[in-house]
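Let's take a friendly walk through a protein model. Have a look at the structure first, and then we will explore it piece by piece.

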Amino acid sequence: MTTQVFKIPDSFKKDVRYTFCPGCDHGVAVRLVAEVLDELGLTQNTICAASIGCSVTIYDFLNIDTIESPHGRAMAVATGVKRAKPDKFVFTYQGDGDFASIGLAESMHAALRGEKISAICINNTTYGMTGGQLGPTTILGQVTTTSPTGRNLEYYGYPIKIAEHIALCDGTAFSARVSLDTVANIKKAKQAIKKAFEVQMKGLGLGFVEILSSCPTNWKMSPDKAHQRVREEMMPVFNLGIYKDVTQS
Amino acid sequence: MTQCLTGKKVLMKGNYAIANAAVLAGCECYFGYPITPQSEIGEFMSGKMQELGRAYVSAESELAAINMTIGACSTGAKAMTSSSSCAVSLMQEGLSYATSDQLPVVLVSVMRGGPGLGNIYPSQGDYFQATKGGGNGDYHLIVLAPSTVQECADLTYKAFYLAHKYKNPTVLLADGMLGQMMEPVEFKKYPYPEIDNSKWALDGAKGRTNRVIRSYAPLASNQCVYLEELYKKYKLIEENEVEWEEIGTEDADVVLVSFGSSARNAKIAAKLLREKGVKAGILRPITLYPFPAKRLSELALKVKKFITVEVNMGQMVNDVRLAVNGKVPVELIHKPVGIPPAPVEIVKQVEELI
Ligand SMILES: Cc1ncc(C[n+]2csc(CCOP(=O)(O)OP(=O)(O)O)c2C)c(N)n1
Ligand code: SF4
């Protein structure tokens, strides 16, 4: 007798051309989102606010109603969707540049208002789609196309620790940072996404997950090496963990 | 629906008339950030929308406000935002997206002095901003220009109707004078049919394939097809929705062209000119896009001169010149900012120009 142990989630489109670069963690993240949507039975009651960045193509892969937001505005668009249709499940899927640089005001204020939405933010320490420039999460010393000798304090200042900042907002119900570098971490990432979705469903406030994610193309590394960088360079700065969970307090 | 103040004449500020009419039009969501001279709209909405159990958000900026409106409109809801001049500048990206996304966004823009922070005096300096767009790409906003407080109410109804009928962002373009002055106004019942949004709105893809509202068109060929389709819609709007008021143009030698608050004085000026024996008339565009260009070009065959009256450095005058296409001269009487030129002042300048 055979048992199926691996299947394409129902929330995932079956016949699409996959457009993320080979080895990019965006693909894993989108799959996890699809699995959680399936498991929580949300596929046909969800509206996604997509963002601008490599994340934008999420609407090519998922079987859910989606509106694309201007760069940085996904949390505002999601707020509008949720306020208009409070019975829908609403989430954003954004890059770190989108969420924490150009859209920082929208992100923080959605958290402060305690919007009953969920947000997934991909931290790959760079602006991926535009070719690997310095972004809000680029770590000190990191070479990018706009920090040719590495990020230094004099010219660029510090990177932002997003999950910690969002956790500080009183309207946040759940905030965590996860990674996709190992199978064990992928499992934890999925649990965090589920939690971030569940707090919305329970009406507790904003659910947020920051995902440390590889960008092999702009980092100019093999997917394996890229995961090694996530572990060795990113995790010491961006510590994994749950920074807020109102269901535990 | 709880109605506020229908069927009786009340004395009201233009800003309140707009807000009240929006509520009566069935506006389900309001998003805004304060700026003079339109803050009364947000103030009124904050209380009324909560009282009625509808959505209200004090947005953190106009960037957020326009994008919240976009989000709400993507579900087919009647949603609006309101702002003024330098803050409407912040909304231009959102308006461009909303046009591309074909969303029924309603924006109330109550003009003040500019450029930059300018001042809080009335102005018509955002005629270009509204009709030509400050956002990127090929698009039009439908633009309605009230001239009285009564029209502030009536055209607010119309803005919701046209926005939903054509799935196109629609601007009610008032100014600080109309927003702040009080006039008698009577609120009718919302006179337009409700538009069925169920064919395109996002509601969670239950029992159907998912819908994506997007403006990203990676292939140039897709963008070409898309823009051709979009412009078919604009052609339809231009054929069906042009609205204007015309007085004394049948035998006129000179026709004043003026919109919004300045048209009030231009109208009186035309009457005074008649009394002085000058054959003057007035054409007041009510829709600034679509613009009554066809009517102006017809009039150009018998009129000797057009003169626009504006509170800016001369903006609509360009559209009148385009419409008239060199057939007769088009002159400008203007005041850079503030209360529109007084009727006697307009008369004096017309006499100098003819
Ligand atoms: C207002 C605006 N500014 C700039 C851009 C160009 N742009 C597109 S994607 C992007 C960066 C995206 O980076 P991030 O959010 O980190 O996502 P990633 O691509 O890395 O997944 C930029 C700057 C834009 N589309 N709109
Ligand atoms: S550029 Fe980087 S983030 Fe974007 S798809 Fe490629 S690998 Fe992923």
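Which residues are buried in α2(B)? In this predicted model, the buried ones in α2(B) are S39(B), E40(B), I41(B), G42(B), F44(B), M45(B), K48(B) and M49(B). The helix covers residues 39-51 of chain B, and its 13 residues reach 19 Å from the first C-alpha to the last, close to the expected 18 Å. A kink of about 25° is centred on M45(B). Just after α2(B), G53(B) takes a positive phi of about 70°.

M45(B) also leads us to the largest nonpolar core, which has 127 residues: together with M80(B), F187(B) and F306(B), M45(B) touches the most other members. Helix α7 of chain B (residues 149-166) gives the most to this core, with 11 residues. Domain 1 (9-197 + 228-240) and domain 2 (244-353) of chain B both contribute residues, so the core lies between them. Among the residues that M80(B) touches are I41(B), M45(B) and F160(B). A second, separate core has 38 residues, including L42(A) and F174(A).

Now for the rings. Over all chains, the structure holds 18 aromatic pairs. Here are two of them:

| Pair | Centre to centre | Angle between planes | Type |
|---|---|---|---|
| Y155(A) and Y156(A) | 6.4 Å | 45° | tilted |
| Y127(B) and F259(B) | 5.5 Å | 45° | tilted |

Y127(B) and F259(B) are 132 residues apart, so to speak of sequence, linking distant parts of the chain. Y127(B) is buried, at 0% relative accessible area, and F259(B) is buried at 1%. Y155(A), by contrast, is exposed at 64%, while Y156(A) is partly exposed at 27%.

Conventions: Residues numbered from 1 in each chain as written. Chains lettered and ligands numbered in written order. Predicted model: local features only at pLDDT ≥ 70, side-chain atom pairs only at ≥ 80, totals over all residues. Heavy atoms only, no water. Core = buried A, V, L, I, M, F, W, Y, C linked by side-chain atoms within 4.5 Å. Buried < 20%, exposed > 50% of the residue type's maximum accessible area, 1.4 Å probe, protein only. Helix = DSSP H or I, 4+ residues; strand = E, 2+ residues; numbered from the N terminus. Domains from an automatic or database assignment. Contact = heavy atoms within 4.5 Å. Expected span 1.5 Å × (residues − 1). Bend = angle between axes of the 7 residues up to and from the residue. Phe/Tyr/Trp six-rings, centres within 6.5 Å; stacked < 30°, edge-to-face > 60°. Lists of a residue's contacts leave out its neighbours within four places in sequence.
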